[in-house]
Structure formats: structure tokens, C-alpha cells
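Please open the model in your viewer and keep the selection tool at hand. The stops below are meant to be followed in order.

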Amino acid sequence: MAVDAPQHTGLGAPLDYRSERVLLPGTLVRVPLGRREVPGIVWDTGSGEPAPGELREVSLALDVLAPLGEPWRGLVDFTAAYYQRGTGEVALSVLPPELRKLDNAQLTSRIAKLRKALAKGDASMAMASPAPPPAPPALTAAQAGALAQIEALTATGRSATALLHGVTGSGKTEVYLGAAAQALAAGRQALVLVPEINLTPQLEARFRERFAGRHIVSMHSGLTPAQRLRSWLAAHLGLADLVLGTRLAVFASMPRLGLIVVDEEHDPSYKQQEGARYSARDLAVYRGKLEAITVVLGSATPSLESWQRCLEGRYVRLDLPARIGDGALPRVRLVDMTQQPKGRGANTALSAPLVVALRERIARGEQSLVFLNRRGYAPVLHCADCGWKSACPHCSAWRVFHKLDRTLRCHHCGFTERVPHACPECGNLDIAPLGRGTERLEEQLAEVLKDADGKPPRIARIDADSTRLKGALEARLGAMHAGDVDVLVGTQMVTKGHDFRRVTLVAAVNPDTSLFSSDFRAPERLFALLMQAGGRAGRDAAHAERSEMWVQTWHPRHALYAALRSHDFEAFAAAQLKEREMAGLPPYSHLAILRADARTPEAARAFLQAAAELAATLPGADAVMLYPPVPMGVARVADVERMQMLIESASRVALQRLLAQWLPALHTLRRAPTDGTPRILRWAVDVDPLSI
Ligand SMILES: [Zn+2]
Ligand SMILES: [Zn+2]
């Protein structure tokens, strides 16, 4: 029985219970645990032999619901083992919370209601319109070839993973639609994962239009608990043909699953950042093995892990090398900032040639997209007299100046104060913003792009601040699509997936900061971001000819920008893989991170050191390398000191074996610190961490 007990209780493995009736594996139950009653799932039915000691009785079996299938339980078992969490903890955390509250009678009525709603074509269930589906557009040769290969892979009846590498605008979605149509025609269900909830409506609309008459449900964190339960039930009962969702949907129970698609497979959003820190992309591939089906990973800039697997022949590579309708990729122009005249004050963020280019677009009625990966007005306030800066008293970080509401806000702990009138240290009235964020960029754009009458262009801003209110993002995107915006400014939020038809200029104002990051994945992420951003330009073939991507940089000769100019992902990937191989980094090695939070850095460090000493005594320790503990990038957040220790091995198996022995001992170490080891607040392990 897998029960809902957190890992630190030491009850991670399935427990034994007694039942009068035979319960099939996968049946949802309620069982006593200590003095509580907790939800559980029958994991296996045991040997039938009386177990030693008195077993407690299952309190309730929710047997009106079909048991969770064997592949689903296999996926949960793998997730728990690989990411070092309890089986029951993982299993119960990926089921809809509503399921815990219902008894058999309530569940029966929910299911009856759901069936009725589906039969009626209830719009809220995202039932497709009954109108006859429009004929799919003619496929390009590359699309048809990719689909034929997917069909051939599926026909083998074995599991296979295909990497669909297609430049932005090359029509990857059409391949997803075609592959889903193949699965549905064979009487199977299809699961389509997208990295972000913002991207679901656009994709959902396309799937709904194509698959009129089929049931489509979505699964993401924006649903109410009741909606989430309905989507889950529709998938589990096999009533939904298609499930679209974000990373959690990889655990959707689908009895007839025949295809998994992972769109933008390189996107970091697929990695869960708390609890079981799983990668939904990696789990999708594993699930494909369990279900013996085809998994399609799609991207214009695949992760180096997936790319490497293609090179090794473990994944099948499918290429869409050209844009639909012969649209050209935008020309990339690098602005050498070292050659720009030293401007005064604010205007240096925008070089003179970029301003001219933006003006030309406005004059022609075309749209531009300008992005900067920093929100707020300025990252720090500064007193030139005494050197005071707007530090956060609770974190090792600056508080960001937000001009609109005159606040200093910490983006790590949320600590917010009114902007002081004078320097808190010396009383100087002249405290000034240093650097710039999107708020300030918007202000500057309005200033430098004024027309002859002094009228600014129509500017919209999209970042976490401007889209906090419900509907704000949709309203801004709507205005952009309607042509009511000349310049869209924002953080990387503006670069993802949106299909803007009239954008002919995309500008990255200051992307250099990632070039020299201590995180070895920073160049990979920057390249993906810039390719993705550039892909927003010239999506309409009529404008493709004069579409451009501008990059302002102080390092115009950097190899990353050279690869970007020629849109050459292969060259970039080859260079990066070579560097990684020489440095012994993933995909050539396997990593885990042990993190510890404490009130003092000494306590966190002492825990990690004690943990390292413990690891050294375990069998197989010589196949694994433990690095000394170091503070995290932002070491203190909300008065908590954060340290981490990197664990590396050339062998995934060796790393897994060590973690499996080590982590239970760490629970003990935490509970009963040995002589003098100070207490820590919490610890966590991250297998295959994405940021270091
Ligand atoms: Zn001062
Ligand atoms: Zn803070």
C-alpha cells in the first residue's frame, strides 16, 4: 500500500494492510496511519501469507473507480526511486486533491455528471464544436516525411523517442496534430505537454478546431480543484481523447495512451522545483518505454542532453529545416556597444542605430519587440555621496526600484518598502537608480521614439509586474495581435511561443550577462532564448524579407553570437558538447545537488560536511565525486542561509546507488545531529539539477 506519508517520516516504502476483499493493485483506498486516516493506493496484493504482527484494516476502498494502471504505477515507482522520494508521497501528490475527499457515492455521482456533460458537449469541458473539421493544410515535404517516420516508429509496437528539430515557424505544431490524428485513428489517447500555462489556450484552440467531435481536456495549475478532478476523471476513464497540459500532466492516468508529445522540450519549466524535483520531459521518455509507445520531443533549440542522444542513435532525429511558405529567418545584426558613442544617463540602453530601426518600423506600421531580462525600473538605488545601495535586510540581494508605485521590492523574499526621500545613511536627497529594468526601458522608448509632434508610439509592457492581475496578459497579447501596439517591451515572457504576425524587428537590449555565468547551462539557455525571440520576427511571409533581430552586445565576437547570426544550432551544439566533454559535465557526467538551509552559514556547511563524511563510508563512494559545500548564488533569502554541495559521477547507476543508501542516513543525521553539529532548517536533494 502506497500511503501519503512524507519522505522524512521514514515511511517512504509501501506499507502492509489487511483487507477482507481482494483489492486490485491501483485501487484507491483510505487507511489508518497512526491516529489519522490517510489516502493510499494498493501497490501490490502481497503473498497472501500472514505477515508477522497484527496488520490494520483498510478503512475504505474507492472501488467505483477503475484501478490505476500498471504503467502508471511503474512511472510513480521510477519517479520515487530516481528522484529519491517516497512512493506514496509521489503517487498522492500527482493525483487531484479533490479525490481525497470523496467517498464511493460522491464519486459515482461525479462520474455520472461528467458522462452527462460530455454527452451534451458541455463547453466548459472543452468539447470540440460539432461543426465539420476544416481540411488540414497541405503538408510540406519535411512535415510529411516526419509524420511518415512517426507512423513507422509507432507501427513497430515498441517504444521510440523522436526529436523533432524544427526552426521557429517551420510548422512543428502541424506535425503534433498529424501524430495525434494517427493515435486517435488507432483508438488511442494522446498526451501533449507544453512548458507554460500561457501557451495552452493557443494550442488548445488549434487542437479543438482540428479534432472537432473529440473530447479534449487540459491539465494545469490554473484550474480550480473541481475542474482538475473533471479533467483527471475524463482522462482516467478514457473519455478524453486528448490531454493538453503542463508538466504535472505527465502523470495523467490514461488507459489508452498511444502518443506523448513534449513541445519546447528544452524549456526549464519542465523541471519541478520542489518536492520530487522531476523533469517532466525525462519522465515522458520513460513513460514511453513503459507504455511501448512513441514520444515526440520538439524544439528549435533542443536540450544538449536530447541532442546528444540523437547523435548516439538513441533518439530518432526528424528535421524541419525551413520555415513554412519559404519565410526567411530574420537577419541577425549585432550592435557593437564598445563602438557606440558614450551617451549620457539613461539613453545608453538603446543605441542610436537601434532607435533608427525602431522608428522605421513605426513609420511603416510594423511592430517591434524589445526585451530585457530584468523587471522593475532599476535593479538598485544608489547614493553617490556615501555609497549606500538599496540592499535587502533579509537577503544577500539588492531591492529593486519600482517607479510606478514608488517602492523598493526584494524579488527574493518580497520585502517591500516605500522609496526613501533621502539617503537613509547620509541624508543626501539625490539618490539615483543604477542600471535598468523593463519599466525604465518602457519609459526610455516612449521618450526616444516620440514623433514630430512629441507624441510617443503605442507601447505595451509584458512582465511579471504588468501581468499580475487576471486577464492583464491576455489583454496585452490581444492588443498586440490586433495591431494596437507599435512596440512590445518585456522580459523573456514576450519571447515564448506567441505567433505575432506583424513583428519585423526583435531586439535584445542587454543579453551579455549570461555569457560569463558560473552556471554551465547559461550559454545554452541564452542561445535558446535568442533563437526563440528571433523566431517572433517575420512569421508572416509578406514581412519576412525585412525582418531582423538586433542584439546589443559588448562582446560581438563571441562564438555564441556567431552561431546565432548563421542560425546554426548544430554548430553551437557541437561546440558546447565539446566543452562539456572536456570539462566532464552533463551529458557526459551525471549530477545531483544536496542543499541545506539553516539560520547560519556555519550550520548549513557543517551539515553538508557531515553528510559528505557519511557518504565516503558507503560502498561505491569511490565512483562518485563530492565537491566542497558552497553558498548558493543568492546565499541568504528571508534570513535563511543556503548552501549546496555538488555530487558528480560518470555513471548514472553509481550516482543512483549512492543516493539510495545515503539519503535515509541523512534523515537520521538531521534528526539526531552528532556531537555539536548545529541544527539545520531543511535539506533537499535535486537529481539532474538544471541550475547550479
Ligand atoms: Zn548617502
Ligand atoms: Zn529579500
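Select the zinc ion (ligand 2): its site is tetrahedral, with angles of 106 to 113 degrees among its 4 donor atoms. Four donors receive that label if all angles lie between 85 and 135 degrees. Donors are N, O and S atoms within 2.8 Å of the metal (3.2 Å for Na, K and Ca); water is not among the atoms, so sites may look incomplete. Here the SG atoms of Cys392, Cys395, Cys410 and Cys413 coordinate the ion at 2.3 Å. Along the chain, these donors follow the spacing C-x2-C-x14-C-x2-C.

This is a predicted model, in which local features need pLDDT of at least 70 and side-chain atom pairs count only at pLDDT 80 or more, while totals for chains, interfaces and linings use all residues. Residues are numbered from 1 along each chain as its sequence is written, chains are lettered from A and ligands numbered from 1 in the order in which they are written, and side-chain values use heavy atoms, with hydrogens and water left out.

Stay with this site and colour by accessibility (buried: under 20% relative accessible area; exposed: over 50%; partly exposed: in between; 1.4 Å probe, protein chains only). Cysteine 392 is buried because its relative accessibility is 3%, and cysteine 395 is buried at 2%.

Next, select the zinc ion (ligand 1). Which residues coordinate the zinc ion (ligand 1)? They are Cys383, Cys386, Cys423 and Cys426, each through SG, at 2.3 Å. This site is tetrahedral, with angles of 105 to 113 degrees among its 4 donor atoms, and its donors have the spacing C-x2-C-x36-C-x2-C. Cysteine 383 is buried, at 0% relative accessibility, whereas cysteine 386 is partly exposed, at 38%.

Now turn to the salt bridges (a side-chain nitrogen of Lys or Arg within 4 Å of a carboxyl oxygen of Asp or Glu). Select glutamate 174 and arginine 210, whose side chains form such a bridge at 2.8 Å, N to O. Because glutamate 174 lies in helix H5 (residues 172-185) and arginine 210 in helix H6 (residues 200-210), the pair ties together parts that are 36 residues apart in sequence. Helices (H or I, at least four residues) are DSSP runs, numbered from the N terminus. Both glutamate 174 and arginine 210 are buried.

Move on to lysine 450 and glutamate 447, a salt bridge with its closest N and O atoms 3.3 Å apart. Lysine 450 is partly exposed, at 29%, and glutamate 447 is partly exposed, at 49%.

Finally, select Arg331, Arg333, Arg361, Arg364, Glu366, Arg546 and Glu548, which are linked in a network of salt bridges.

Conventions: Four donors count as tetrahedral if all angles lie between 85 and 135 degrees; four count as square planar and six as octahedral if opposite donors are over 155 degrees apart and all others between 65 and 115; anything else is irregular. Helices (H or I, at least four residues) and strands (E, at least two) are DSSP runs, numbered from the N terminus.
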